Amino acid sequence: MKTYFDIAGDGGSQIVDQVVDIQEKIRHKLSRVKHRLAIASGKGGVGKSTLAMQLAAALRQRGKTVTLLDADLNGPSLAHMAGLQESLFIPGPAGLHVPKTKDGIGVLSLGSMVSEDQAIDFESVAPSESFTWRATREFTTFRDLLAGTDWGTLDYLVIDLPPGAHKCYEFAQFLGSETAFVLVTLPSDVSQGVVRRSVSALKKLKNPLLGYVENMSGYYCADCGKVKPLFPQNTRMNFDIPLLASLPFDPRLATLCDQGQPLAYLFDSPAAQAIHALAENIEKRMEAQP
Amino acid sequence: MKFLCVECNEPMKLIKKEAAVVPSDKGSLTVRFECPSCLYEIAMLTNPFETQLVTSLGVRIGGQTVEGSTAKLEDSMQALSGTASAPQVSVNMGKCPFSKDIQKMISAAGDAAAMPWTSQAAVRMEKMPEFVRPMARSGIEKYARDKGFSEINEAVLDEAKNVFGM
């Protein structure tokens, strides 16, 4: 009697072929994207989305074509930060057009589609069991977004990942080894501990790990013009990857983010200068990738 | 998963009939196969968990999604000739994780009668991620109505693209 592997195909639906087709479609759609960069952490609330937005703005100012992809389907925030909450999703000849800010930064975030007063509910035909399938549904949705969008020709696709150390690993596998990673941490022991786990997870894969950013490394006081400590002076843990930048917290950042404007345009602030230095640093490291 | 006709030692094939894949409103799925040699038929019956597994993968059983929404779209695309009605994208489709929210928003926005779409515009819509189509359709039609257009064509889509800064 024949066994499973003696039989070609699956009787008509060609499920494996469908999955391969979608993967090929994604490869084709991303073929004109020069660099893919994921901003991740493992820890929530460390400023990944804010950093992604600021970094994109700084790269744009350096003359690069940049699109931001909000991979946090459950808590999308980039549409708000980019001032694109009221944007319309419009089909073009080669897929979904990516909405752009007035400065020309593409931002694809489900926050443009689902208003902030709506909880995102992944439906399930298995009653009360949506949690069982949620991760699969999330990746299927993300995959459809990658395959159905016209990404065009880009220097950088910056992908803002959701929190969770496991998400770093899952997205690294999903996005493939062409996607480089930058991790974000706060100076606190708790945050550094979680990020260490993410470093450890990512080192098992082939994705380039460019380094990490220490966010909120201090507080910028506009009155005295100095950066003061924001967290207790903890020992910096050894992540065994390069420290790319230490970014001080600037209160103007919160205001600008709410207004959908990047801080990177304020050249006089230490935070903005640090972001520009980070962009330059990342650019050099990405260009040096084989 | 594959099925083998033990008698003939032949893999069974999905039957080429309209009712090859039938979803139930209780989350079950009936998929009919037949042996190409002896034509013996069997039906695979899934429980809601198994149906959900397939739905979650976003693949098509027998060329259609479990809910049949994509097949509806494909049927409508085939019927298009010059001008067509709006793409028949169900907001209740299983591939859309946000369908309930989108349904609410569309209802809240006062979903007027669907506008006609030209075949070229409808083809563009088909290239978008399936789960964003209902919201996109609603927004584009509202834009077109506000601007006094009587149909959605590529020029309307391009104009909307420019208006929204893309």
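**Exercise 1. Count the aromatic pairs over all chains, then work out how Phe139(A) and Phe171(A) are arranged.**

Solution. Start with the total: a search of this whole predicted structure turns up seven aromatic pairs over all chains. Next, take Phe139(A) with Phe171(A): their centres sit 4.8 Å apart and the planes make 45 degrees. Stacked needs planes under 30 degrees apart and edge-to-face needs over 60, so this pair goes down as tilted. Last step, accessibility: the cut-off for buried is under 20%. Phe139(A) comes in at 16%, hence buried, and Phe171(A) is buried with 4%.

**Exercise 2. Classify the pair of Tyr212(A) and Phe239(A), and say which parts of chain A it ties together.**

Solution. The centre-to-centre distance is 4.5 Å and the planes are 70 degrees apart. That angle is over 60, so we call the pair edge-to-face. For the location, Tyr212(A) is in strand β8 (residues 209–221), while Phe239(A) is in the loop between β9 (226–228) and β10 (243–249), so the pair links parts 27 residues apart in sequence. As for burial, Tyr212(A) has a relative accessible area of 4% and is buried; Phe239(A), with 4%, is buried too.

Definitions and conventions. Residues numbered from 1 in each chain as written. Chains lettered and ligands numbered in written order. Predicted model: local features only at pLDDT ≥ 70, side-chain atom pairs only at ≥ 80, totals over all residues. Heavy atoms only, no water. Phe/Tyr/Trp six-rings, centres within 6.5 Å; stacked < 30°, edge-to-face > 60°. Buried < 20%, exposed > 50% of the residue type's maximum accessible area, 1.4 Å probe, protein only. Helix = DSSP H or I, 4+ residues; strand = E, 2+ residues; numbered from the N terminus.
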